[in-house]
Amino acid sequence: MHFISPVLWQFLVKWLSRLPLFPPEASSIAPYTDAFFFFLLLISIVGTGIVVLMVVSFSMLYRKEKNPEATQIEGSTLLEATWTIIPLALFMIAFVWGALLYFRIYNPPTNAMNIYIVGKQWMWKAEHPGGQHEINALHVPTGRPVQLTMISQDVFHSFSIPAFRVKREVIPGRYTTVWFEATQPGTYHLFCTQYCGTLHSQMIGEIVALTPDDYQKWTAGSTSGASLAQNGERLFASLGCASCHSGSPDAHGPSLAEVYGSKLQMANGSFVTVDDAFLRDTILNPTMHQVAGYAPIMPTYQGQVSEEGLISLVEYIKNLNSNYRVQQTLNTSQVQTVAPSAPATGQGVVKQ
Amino acid sequence: MSASTVLKLPPQETADLPKKSYLNSEYGLKSWLLTRDHKRIAILYLFSTVFFFTIGGTAAAFIRLNLLTPGGELMAADTYNKLFSIHGIIMVFFFLVPIAPAVLGNFLIPLMIGAKDVAFPRLNLLSWYLFVTGGACELYAIIWGGMDTGWTFTTPLSTHYVNTHVIGAALGIFIAGFSSILTGVNFIVTIHRLRAPGMTWFRLPLFIWSFYATSIIFVLATPVIAIALVLIMMERTIGIGVFDPARGGDPLLFQHLFWFYSHPAVYVMILPGMGVISEVVACFSRKRVFGYTAVAFSSVAIAVFSFFVWAHHMFIMGISNYSALVFSLMTMLVAVPSAIKIFNWSSTMYKGSITFDTPMLYTFSFIGLFTMGGMTGVMLGCLGMDIHLTETYFIVAHFHYVMVGGMVSAFMAGLHFWWPKMTGRMYPEALGRLAASVLFIGFNLTFFPQFILGYMGMPRRYHAYPPEFQVLNVLSTAGASILAVGYLLPMLYLTWSLKYGKVAGSNPWRATGLEWQIQSPPLTENFLETPVVDFEAYDFEWLANKEKNEVQSVG
Amino acid sequence: MTEHSKKEILDTEPTHHEVHIVSPKIYAVIFITLLFFTGLTVAASYLELGVFNAVVALAIACTKAVLVILFFMHVKYSSRLTKLTVAAGFFTFLILITMSLTDYISRAWGLW
Amino acid sequence: MRCNPLDSQAIAVPATKSEIVHEHSPHLEHHFATESQQREASNFGMWLFLLTEIMFFGGMFTAYLIYRIWYYPAFVAGSHWMIIWAGTLNTVVLICSSFTMAMGVHSAEIRNRKLLLRYLIATLLLGCVFLGIKAFEWHDEWEHHHVPGLNFSINEFTHVDPRYPLDKPLPRDMAEKTQDYFSLYFLLTGVHALHMLIGVSILLFIIFHAWRGAYTTGNMNFVENFGLYWHFVDIVWIFLFPLLYLISRHQ
């Protein structure tokens, strides 16, 4: 070819070298997804192959020239049963396999480190517990399960990392989670895959998987000073939360120390395990989560705290092991003016 | 291969179109616009849906052109978003949903069951007017700025975050929805109540069974999207907050209501195609369809199961995982009847006497492409696989394989098959075969690369994309231009054949259906006297005897 | 497809469907019953029945609806096809509600 | 394989002598073989249309059910602001109109024009009464600032309701959710009233034709089908009434 046109040759070489046909496998789940995919691909190829084989061979064997007179055949119950039961069995295997994979991808292991993701039109914000903020990028260590707790400020987004084979819709008003364990250090694509408005295709970023050492260096180098929990503590004080949730026996609200992960009895008699989503929703819709034994007096903080603020609060309450610090903030906040200063309320579209 | 044809035309020197037919019973625009004849209404629908197809197709052409370069330099992101929204809305609601039922169904159902018309001719005309009104609303919305919600109208994006003509678009779909409902009601009543004497349920052509199943979906599913769209319009105009998470509404509820229609609607788009394929396979294999009852009941089974699977569009959207299990299981079940049909069509050819006329070529392309579309559908229905594949080009390729590769191939098969019945003239056979092959090649070149793109993770609805996806996108665009030729070609030669095509005679394919036993084009009243049916569907022996008797009586 | 079930399907096609004229007496009885149930449902809502308030209200509403459908709308005297149609409508309605609720009810079961 | 045509179960029996008489009946459209076939067809078509109506309301009922489970206290509080006597009266009015409609169809069946007219006019009047009472209620809700999107205020839910002194005022976050109740209330009653309005207009048309004697000469399909529609609208209200007005009145 390069005798004919060197330019064209260059062009082709450049193109073909840029033609990947399979995404990298960079997470612990990716081989499982791929194995399942190849199983499905095999079924599909065999199935399609059988159909094509039937059509082609019958076309050749029974075309009009060879077989001028058709033989009428009514049908065959045995054959019908065969091609009902065999596909059904294969589909059932696929269903069970797929379900197992689904629960594996959407059930984080308990030892996973947690990173918060906030999606908005049109950027991804990542909040690390250590206080590192990132925009349109996410640094994660390899060899360690990472759980993402995600929420959207406005519309539906979708957090997709093809190289990790994980994806989860990021929706407004509710936390969703996904987890992965990166295996190969490298930089991978992060896409928003749910159509979210004009710059949907710009809502992309980079997932940087680092070796544990590099990750240590990165966290040390990019901290913003205060950790997420410390931010939460400040907010906890300024919103006046400590005045009721002081942990003292005569307090108006329940003690929050070690509340995360515990089972609470609600006013309507049901039991609820406290998780991130529960904590967030209790701050916004306290009446819907009335803990038994307390009066429904907690005001709603809807519209007063940004999603980032809520994340800080949740992170703070999660790490609250004793009420000592709460008491401390209570003492200091009585000196300060209690003003619900919501950082960054202007960001999301908050409607009343 | 060109000798291989079942075609039997009357001697062209003496043959002429019948003196009286539905086409020349009356003249003038008014006789068309106020007609109550189901055949004329079908022709009206044919023109209007082809019109919308050109709009949707043009939008698709621009989309593919824009995706030639990774940066999306051809147009602004906003324009791109509007184009794919227009493409989706027009193609789904104004082309794929009405095309087969309203054109082929309207024309053929009364002919096939031996009736003079559909049960409610006035409603039939009304449904066309509703369709046109809905289409006009849509065109208004497009011309005055367009809409950029995608065809799925995801809340809260469509309710609070875009400033385009969402209300116009939703209103158009709402009105066109009533057209679907009326068509569905009409067909069900017609099939139940107007069958000719002797035309029992199990003598009906399989075409009728699949259109019956389609109509059930029309009647039961369409109202749910109507109410979902009303809620969107209310939310946008006065802000009632039912889908607004800021006011305690659940945006996922919209998706539940939307997909409760839109998933069954996918079967509205494919079931009629399956009916066409049954007719064509039988005729060109000169054989009764293998396992008639299995094929008939699988149509109904698809229609029924289609109501249980809608949430498989929402597996990653934060629905309950347990609920996802149920919906995934039902999805696996709905795949089985389609598999049954595919195998039955293939085995119909066994020991047949097969010819390869244009409709049969389209049928081959349907069987191949639909099998691939269906199998990738099973992949997407598997919970774990769906996580990686959904919202990427994989799903785009999947539904184009089903909708375009499946439904449009089937529609083309049907259009060519019944073209002599509709117009009385044959299309040019060689060009027809050429177009069928071009379509098949162009289609695969366009959409197969998208499977690979999808598995690599390229998200759908992206105006610009990372450069490593470019080669496959260029391939896809190249294929799209071939595909465009494949669509233009039939439009041209079919128009040409209206005047210059060979005279077809009443039964050029020597097919068995009632519609072939009358003159083409048929009379306004269809049948001179009510036919009495004393033969099974696809009874070629009966046809041979009939032909023999005719020869004898003439001789 | 057995002969029996084939017959069942075909049975929904009555060849001679006689129009049944319902006597005004039946209408009047149904009318009084409906009024009675309306009173009953209002009265029941003032009683403290816990969860059963909703159950009672819905049960009464369903009874009233069934009466209207059977008698005022003549379904009791109609062909099997009509009965099947009505049943199909309510069945699909129930699918919509129950299948949506499978999502909403089980969302709280897990930790996601 | 061949079947005798006489075995067939299909409907369009070829015209026998007795039916040839009907062939020229002015009511029979050209594509039907017999009048009973035509009547069956239109009746069946009407039922299918009602199925779509069931599903249309079904979407709203689903939304109602979900939010009622989620925000039960808000729904109770919202329901307590309904005017119970108006709702009960409206239910009675609608049941009466259903009865008169059924009697109207009966009069058409026995071909009594005068009776038919009388019952149809009664139905029309009752329908108008229903709409009037509904309008009064809506006006009342407007006065109380209960119309979401247009003039909604949660004031009356965060304070003790004088008519239900035992009710506790709702906390702010739950009071906000009463909007969901009122959205669905206006949506459901609004769509229902729209159906009533359409019904009343068709009724006017029918009365005009009944006055000219159109339905008492053998072709009463239209009245019969309209009756089905009217009863359906009644059934919707039969469900709306307890769902919207009667949530825990005892509290």
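This is a predicted model: local features need pLDDT of at least 70, side-chain atom pairs count only at pLDDT 80 or more; totals for chains, interfaces and linings use all residues.

Reader: How much of chain C is buried?
Author: Of its 112 residues, 30% count as buried. As for contacts in chain C between residues at least 6 apart in sequence, 58% of them link residues at least 24 apart.

Reader: Now to chain A. What is the strand order in the open sheet of five strands?
Author: The order is E3-E2-E1-E5-E8 in chain A, and the pairing is mixed. Strand E3 (133–135) and strand E8 (176–180) of chain A are at the edges; each has a single partner strand, so one side of each lacks a neighbour in the sheet. From one strand to the next, the twist averages 25°.

Reader: How do E5(A) and E8(A) run, parallel or antiparallel?
Author: They run antiparallel, and five bridges join strand E5 (residues 146–152) of chain A to E8(A). As an example of a bridge, Leu148(A) has Val178(A) in E8(A) as its partner.

Reader: What holds paired strands together in general?
Author: Strands of a sheet pair through backbone hydrogen bonds, in either the parallel or the antiparallel sense.

Reader: Which strands pair with E10(A)?
Author: Strand E4 (residues 137–141) of chain A pairs with E10(A) in the parallel sense over five bridges. Leu138(A) has Ile207(A) in E10(A) as its bridge partner. Strand E9 (residues 186–192) of chain A is also joined to E10(A) by five bridges, but these two run antiparallel. There, Gly186(A) stands opposite Ala209(A) in E10(A).

Reader: Which residues of E10(A) are on its covered face, and which on its uncovered one?
Author: In strand E10 (residues 205–210) of chain A, the covered face holds Gly205(A), Ile207(A) and Ala209(A), while Glu206(A), Val208(A) and Leu210(A) make up the uncovered face.

Reader: Why does a strand have two faces like that?
Author: The side chains of a regular strand alternate between the two faces of the sheet.

Reader: On to helices. At what angle do H6(A) and H7(A) cross?
Author: Helix H6 (residues 276–284) and helix H7 (residues 307–318) of chain A cross at roughly 120°, with axes that come within 10 Å. H6(A) and H7(A) are therefore oblique to each other. Their crossing is right-handed.

Reader: Which residues meet there?
Author: From H6(A), Asp276(A), Leu279(A), Arg280(A) and Ile283(A) meet Leu310(A), Leu313(A), Val314(A) and Ile317(A) of H7(A). This contact comprises six nonpolar, no polar and two charged residues.

Reader: Last topic: how many residues do chains A and B put into their contact?
Author: Chain B contributes 80 residues and chain A contributes 82 residues. On the side of chain B that touches chain A, helix H10 (residues 321–348) of chain B gives the most, with 13 residues. By class, that side of chain B has 45 nonpolar, 24 polar and 11 charged residues.

Reader: And how many residues of chain D are in contact with chain A?
Author: Four residues of chain D are in contact with eight residues of chain A. The chain D side divides into two nonpolar, no polar and two charged residues.

Conventions. Residues are numbered from 1 along each chain as its sequence is written. Chains are lettered from A and ligands numbered from 1 in the order in which they are written. Two residues are in contact if their C-beta atoms, placed from the backbone, lie within 7 Å. Ala, Val, Leu, Ile, Met, Phe, Trp, Tyr, Cys and Pro count as nonpolar, Asp, Glu, Lys and Arg as charged, and the others, Gly among them, as polar. A residue is buried if 20 or more other C-beta atoms lie within 10 Å of its own, exposed if 12 or fewer, and partly exposed in between; C-beta atoms are placed from the backbone. Helices (H or I, at least four residues) and strands (E, at least two) are DSSP runs, numbered from the N terminus. Two strands pair if DSSP finds at least two bridges between them. Axes are lines fitted to C-alpha atoms, for helices over the stretch in contact, and angles run from 0 to 180 degrees between N-to-C directions. Angles under 35 degrees count as roughly parallel, over 145 as roughly antiparallel, 65 to 115 as roughly perpendicular and the rest as oblique. A crossing is left-handed if the near helix is turned anticlockwise from the far one by less than a right angle, and right-handed if clockwise.
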